[in-house]
Amino acid sequence: MKRLLLAAIALIITVSASAQYATSTPVQIEARGSRIFSNGEKLTVDQAEVLFSDFGGQDRGEEYLSNRAGYKTGVGLSVGGAAVFAVGVPASYLTLFLYGLSTISGNEAPTGIKVATGGILGITAASALVMLAGIPTASVYQHRIKKMSNEYNALSSKDSEKPVLTFAPAKSGIGITMSF
């Protein structure tokens, strides 16, 4: 009877010890832009860096920070180029209009209007190129961040590393076994 009672107590301990591993769910993260979300909550930059610092046995926190900086650079180029372009187009039309007004009478346009027209048109064209260069830059770095988060999710969802505690027959009777 004592052995049966002892076996029942061991079984209860085994089930309760296994329960701590069975209920733990891996942390799933999601990348949106350069931000990392864990279960719907936004992580700070430091938290995301710590999250990626132990990434499959290697430190990829610096890689995350580098990809984040690249993404922000691409967005900055796109927004800055678009802002200058948005101001440059109306300014170009205005200077072209003034250039046309000054040449209607048959006289040569003043040097200031010529320089202003050429400069504004050049800056507007350059801002369009900067804006267009920022789009693929942001896209490439955003793809890298999403790839890192997908790799993290794939590594954290493996069940092979969870130990399983069971109550099973052993060489000398019934005992507790732990499988990895």
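Which residues form a nonpolar patch on the surface, and how much accessible area do they have together? Leu-94, Phe-97, Leu-98, Leu-101 and Ile-104 form this patch, with about 520 Å² of accessible area together. The legends below describe a predicted model, in which local features need pLDDT of at least 70 and side-chain atom pairs count only at pLDDT 80 or more, while totals for chains, interfaces and linings use all residues. Residues are numbered from 1 along each chain as its sequence is written, and side-chain values use heavy atoms, with hydrogens and water left out.

**Figure 1. Overview of the chain.** The secondary structure comes to 4 helices and 5 strands, taken as DSSP runs numbered from the N terminus (helices: H or I, at least four residues; strands: E, at least two). Along the sequence these elements follow the pattern α-β-β-β-α-α-α-β-β. Of the 180 residues, 24% count as buried; buried means under 20% relative accessible area, exposed over 50%, and partly exposed in between (1.4 Å probe, protein chains only). The accessible surface comes to about 11900 Å², of which 65% belongs to carbon and sulfur atoms. Accessible areas come from the Shrake-Rupley method with a 1.4 Å probe, and for residues only the protein chains shown count as cover. Among contacts (heavy atoms within 4.5 Å) between residues at least 6 apart in sequence, 57% join residues at least 24 apart.

**Figure 2. Helix H3 and its cover.** Helix H3 spans residues 61–104 and has 44 residues. From its first C-alpha to its last, H3 reaches 64 Å, close to the 64 Å expected at 1.5 Å a residue; the expected span is 1.5 Å times one less than the number of residues. Among the buried residues of H3 are Gly-61, Tyr-64, Gly-74, Gly-81, Gly-88 and Ser-102. An α-helix has 3.6 residues a turn, so residues three or four places apart point the same way. The cover of the buried residues of H3 includes strand S2 (35–38), helix H2 (45–53) and helix H4 (111–156). After H3 comes Gly-106, whose phi is positive, near 95°.

**Figure 3. The nonpolar surface patch.** Leu-94, which lies in helix H3, belongs to the patch together with Phe-97, Leu-98, Leu-101 and Ile-104. Patches are made of residues with over 30% relative accessible area and no salt bridge; like charges are joined within 9 Å, and nonpolar side chains (Val, Leu, Ile, Met, Phe, Trp, Tyr) within 5 Å.

**Figure 4. The aromatic cluster of Phe-52, Tyr-64 and Tyr-152.** These three residues form one aromatic cluster. Rings of Phe, Tyr and Trp (its six-membered ring) pair if their centres lie within 6.5 Å; planes under 30 degrees apart count as stacked, over 60 as edge-to-face and the rest as tilted. By this rule the count comes to 2 aromatic pairs. Phe-52 and Tyr-64 form a tilted pair, 5.3 Å centre to centre with 35° between the planes. Phe-52 lies in helix H2 and Tyr-64 in helix H3, so this pair ties together parts that are 12 residues apart in sequence. Phe-52 and Tyr-152 form an edge-to-face pair, 6.2 Å centre to centre with 80° between the planes. Because Tyr-152 lies in helix H4 and Phe-52 in helix H2, the pair ties together parts that are 100 residues apart in sequence. Phe-52 and Tyr-64 are both buried, and Tyr-152 is buried as well.

**Figure 5. Salt bridges.** A salt bridge is a side-chain nitrogen of Lys or Arg within 4 Å of a carboxyl oxygen of Asp or Glu. The count by this rule comes to 4 salt bridges. Arg-60 and Glu-63 meet in one of them (2.8 Å, N to O); Arg-60 is buried, with a relative accessible area of 13%, whereas Glu-63 is partly exposed at 34% relative accessibility. Another joins Arg-32 and Glu-30 (3.2 Å, N to O), where Arg-32 is partly exposed at 39% relative accessibility and Glu-30 is partly exposed at 40%. Lys-114 forms a salt bridge with Glu-108, the closest N and O atoms being 2.6 Å apart. Lys-114 is partly exposed at 33% relative accessibility, and Glu-108 is exposed, with a relative accessible area of 65%. Salt bridges that share partners join Arg-60, Glu-63 and Glu-151 into one network.

**Figure 6. Ser-66 and Ile-145.** Ser-66 has its place in helix H3 and counts as partly exposed at 44% relative accessibility. The C-alpha atoms of Ser-66 and Ile-145 are separated by 9.8 Å, the two residues being 79 residues apart along the chain.
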